[in-house]
Structure formats: structure tokens, C-alpha cells
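Q: Please show me how to read the features of this model, one at a time.

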Amino acid sequence: MDKPTHLIEYETMLLGQHRHPDRSAYILLSRIRVAGMMSIGQLSEAFRLDVSTLNRHTSALLRKGLAERIPDPDGGIARKFRLTEEGERYLDAERARNINGLEKVLADWSAEDVAAFAAYLRRFNTDIERLAGHPWPRTDV
């Protein structure tokens with residue numbers, strides 16, 4: 001069977017034009033919320049990014065008051081990042097904005113089509129994570 005993967009590649013490329021203006025903050029804060037407090041090393045491992053790259057991104061979070069660095073509550077040497085109240089509000093507002101945008105785009109879709117699309121996206125993401133050996137923690141949303 002000939003799979004039209006080139007069509008998927010093209011459509012995912014087009015999605016890039018609609019990226020969140022502060023995508024790194026949104027993704028970092030989302031991961032910390034789901035996983036709990038994380039050190040720079042844990043973030044580096046989670047995102048498979050160089051520590052220097054994450055230092056730039058986390059510094060921006062600190063400057064904006066969206067996260068704070070605290071001593072490891074378990075007594076470890078590395079300091080951990082956690083969301084501030086402002087970070088929680090920011091993440092909630094951005095998530096609501098994203099959901100609102102999706103609801104506008106999907107307004108003419110049936111509930112069954114939306115559910116099927118969500119299931120395919122989850123399958124797509126979890127297969128990528130499985131192949132990479134690097135799952136993203138999930139919660140029931």
C-alpha cells in the first residue's frame with residue numbers, strides 16, 4: 001500500500017506557520033506542570049536539548065516571573081524550576097486561548113470527527129515517542 005506520507009509532511013510544515021508566539025515558554029511550563037519540579041538537567045534530558053539552550057529559555061521564564069528556581073526539596077544539589085502563580089495563570093490563559101482557537105477551526109466538525117482527529121494525533125505523537133524511546137508524560141485532560 002502506498003502511504004501518502006508526503007501529504008502529511010506538507011500539512012505539518014504548514015502547521016508551523018501557526019506556531020504559538022512564545023512556544024518554548026508554553027512547552028516548558030506545560031512539562032513542568034505535568035512532571036512537577038525539574039532541574040535544568042532533567043529539562044535537558046526531557047527535551048533533548050543542550051543545557052545552554054535551556055538556560056536561555058529558563059532565564060526568560062525567570063525574568064517574566066513565570067517560574068522560579070528553588071532548592072531541591074529532596075535535598076539534591078541541583079536547584080529545581082517550578083511554576084509561580086503567575087506562571088500557572090499564564091499557562092491556563094494560553095491553554096484556554098489555544099482551545100478557543102481550535103474550537104473556532106473545528107466549529108463545523110462533528111463531535112465524532114473531532115474525537116477521531118484527537119485519537120489520531122495522540123497515536124501519531126505516542127508512536128513518535130515510542131520510536132524515540134522518549135515518552136511525554138500525559139494526564140487526563
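Q: At what angle to β3 does α2 run?
A: This is a predicted model, in which local features need pLDDT of at least 70, side-chain atom pairs count only at pLDDT 80 or more, and totals for chains, interfaces and linings use all residues. Residues are numbered from 1 along each chain as its sequence is written, and side-chain values use heavy atoms, with hydrogens and water left out. Helices (H or I, at least four residues) and strands (E, at least two) are DSSP runs, numbered from the N terminus. Axes are lines fitted to C-alpha atoms, for helices over the stretch in contact (heavy atoms within 4.5 Å). Angles run from 0 to 180 degrees between N-to-C directions. Here α2 runs at about 95° to β3 and lies across β1, β2 and β3.

Q: What is the strand order of the sheet?
A: Strands of a sheet pair through backbone hydrogen bonds, either parallel or antiparallel. Two strands pair if DSSP finds at least two bridges between them. The order here is β1-β3-β2, an open sheet with antiparallel pairing. β1 and β2 stand at the edges with a single partner strand each, so one side of each lacks a neighbour in the sheet. Four bridges join β2 and β3, and Glu68 has Arg82 in β3 as its bridge partner.

Q: Is Ser44 buried or exposed?
A: Buried means under 20% relative accessible area, exposed over 50%, partly exposed in between (1.4 Å probe, protein chains only). Ser44 has a relative accessible area of 16%, so Ser44 is buried. Ser44 sits in helix α3 (residues 40-47).
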